[in-house]
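Please keep the sequence and the 3D view open while reading.

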Amino acid sequence: MKEAISVTQLNRYIKELVSDDRILSYVLVKGEISNLKESKGNYYFVLKDESSSISCIVFTHYSGAQVNVNELCDGQEFIIEGKVAVYEKGGTYAIYVSKVTNIGLGDYYIKLEALKKKLMELGMFDESYKKEIPKYATRIGVVTAKNGAAIKDIHKTIIDKNPYAEVILYPATVQGDSAFETIVNGIMTLDNMGLDVIIVGRGGGSIEDLYAFNDERVAYAIFNAKTPIISAVGHEINDSISDLVADVRVATPTAAGNLATFDYSEFESDIENYKLTLDDIIESSINDIRERIETKKSALQYLAPKAKLDRYKDAIKDKEDKIRYIMNNKMTDLKSTTLYYIEKLKSRNVLDKMKAGLGFITDSKGKKITTIKKVKVGNDLNVRLVDGSIKTKVLSIR
């Protein structure tokens, strides 16, 4: 029986074979760059054609490298110069790049840009078609892989914010040649369930992993859906077709779950605040109504016939009292005036003077005689005394 060797021995052997191979020590390879990443100053990407791909590494401090890393770009076609080397510890191989030459856009990106232009001209990216995500969504559909990290992140985010929310998963294949079919079926199925919102996406990946979300049929399924759709493809570098067509685009499934639902504890707090505000408004309205009722009641009482009659009686009594007061004052004044004139008359009363022995003298025609100048000897005179009158004749005048 042949003796077994260790993994390290096998990887070292393969590494030595590759290192000693003249063809692999210097290669020129044409392909399209995909999934470009930078880590600790070095650049990693995949060089691919229609059927295969190979990993590539640019060590920026490698003395033989003549690479302008600013030229590197996903979707561009390059000629790569370098050597094929084995990473012994991981048992992987890659092209260690020493030079790159840009020869234009790759076929996939050309097709993708053409599709974006077509859909844009049809108005499928237009903001006027975007539907608003409901503020209080409770039934949330998700189109993604059944066992992927995306559904776990989405479900946890939603339930943490609102334990009463319902999450309905349509298990879809999110990568591969037939992935678009399950994504389209998932969108159409959930759209017919009358849900509040639908999340479509996956937990990131390379450009190749996202092919299904750049499919024209997925774009039409999203655009024609009645339900608002959140796209969460998880690729922040480039927008996918589903990102552009969807009503809202977010970077990660977690962000989608966060956007799709509301915080139930905040909702309860808002409801309590609304209740307190409503109680204040109702109480204030009741008080206003009571005040208006009291005002109307007072007005009705004031205008009631009995109230009017009572006011008339009070007014008459006031006038009577005023008249009585005026009459009393007049009577008092009149009495004082009368007494004054009585006293004055008394002072001028002839009878009183007659009682003192005086008489009232008139001539034969009844004219009062007040001076001897009006009397002649022989005239007849009448003398009125207190108890009668005397007829006399003037015998002499002195």
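## Basis

Axes are lines fitted to C-alpha atoms, for helices over the stretch in contact, and angles run from 0 to 180 degrees between N-to-C directions. Two packed helices are described by the angle between their axes and the distance between the axes.

This is a predicted model, in which local features need pLDDT of at least 70 and side-chain atom pairs count only at pLDDT 80 or more, while totals for chains, interfaces and linings use all residues. Residues are numbered from 1 along each chain as its sequence is written, and side-chain values use heavy atoms, with hydrogens and water left out. Helices (H or I, at least four residues) and strands (E, at least two) are DSSP runs, numbered from the N terminus.

## Helix α6 and its buried side

Helix α6 spans residues 216-224. Buried there are V218, A219, A221 and I222 (buried means under 20% relative accessible area, exposed over 50%, partly exposed in between, with a 1.4 Å probe and protein chains only). These residues sit on the same side of α6, because they cover an arc of only 165° around the axis. The arc is that of the directions from the helix axis to the C-beta atoms.

What do the buried residues of α6 pack against? Their partners are α3 (107-121), α5 (179-191), β9 (229-232) and α7 (241-245). Contact means heavy atoms within 4.5 Å. At the start of the helix, a side-chain oxygen of D215 comes to within 2.8 Å of the backbone nitrogen of R217.

α5 and α6 pack at about 5°, and their axes lie 9 Å apart. The two are therefore roughly parallel to each other (angles under 35 degrees count as roughly parallel, over 145 as roughly antiparallel, 65 to 115 as roughly perpendicular and the rest as oblique). From α5, F180, I183, V184 and I187 meet R217, V218, A221 and I222 of α6.

α3 and α6 pack at an angle of about 25°, with 11 Å between their axes. This pair is therefore roughly parallel too. α3 passes α6 in a right-handed crossing (left-handed if the near helix is turned anticlockwise from the far one by less than a right angle, right-handed if clockwise). L115, K118 and L119 of α3 meet E216, A219 and Y220 of α6.

## α4 with α8

Helix α4 covers residues 149-161, and helix α8 covers residues 253-260. Their axes come within 8 Å and cross at roughly 30°. That makes α4 roughly parallel to α8. The crossing is right-handed. On the α4 side, A150, D153, I154, T157, I158 and K161 take part. They meet P253, T254, G257 and N258 of α8.

L190 lies in helix α5. At 2% relative accessibility, L190 is buried. Leaving out residues up to four places away in sequence, L190 touches G141, V142, V143, I168, Y170, L195 and I198.

T144 belongs to strand β6 (residues 139-144). T144 is buried as well, with a relative accessible area of 3%. Its side chain reaches the backbone oxygen of G201 at 2.7 Å. Beyond neighbours within four places in sequence, T144 contacts A150, I151, L169, Y170, P171, A172, V174, G201 and R202. R202 itself lies in the loop between β8 (197-201) and α6. R202 counts as buried, at 10% relative accessibility. Its side chain makes a polar contact with the side chain of Q175, at 2.8 Å. A polar contact is a pair of N or O atoms within 3.5 Å; within protein, one must be able to donate a hydrogen and the other to accept it, and residues adjacent in sequence count only if both atoms are side-chain atoms.

## Positive phi

Which strand holds N35? N35 is in strand β1 (residues 27-39). N35 has a positive phi of about 60°, although it is not a glycine.

K40 lies in the loop between β1 and β2 (42-48). Phi of K40 is near 55°, again positive in a residue other than glycine. K40 counts as exposed, at 80% relative accessibility.

N329 lies in helix α10 (residues 305-348). N329 is partly exposed, at 33% relative accessible area. N329 and L345 are 16 residues apart along the chain, and their C-alpha atoms are separated by 24 Å.

L190 and D321 are 131 residues apart in sequence. In space, C-alpha to C-alpha, L190 and D321 are 93 Å apart.
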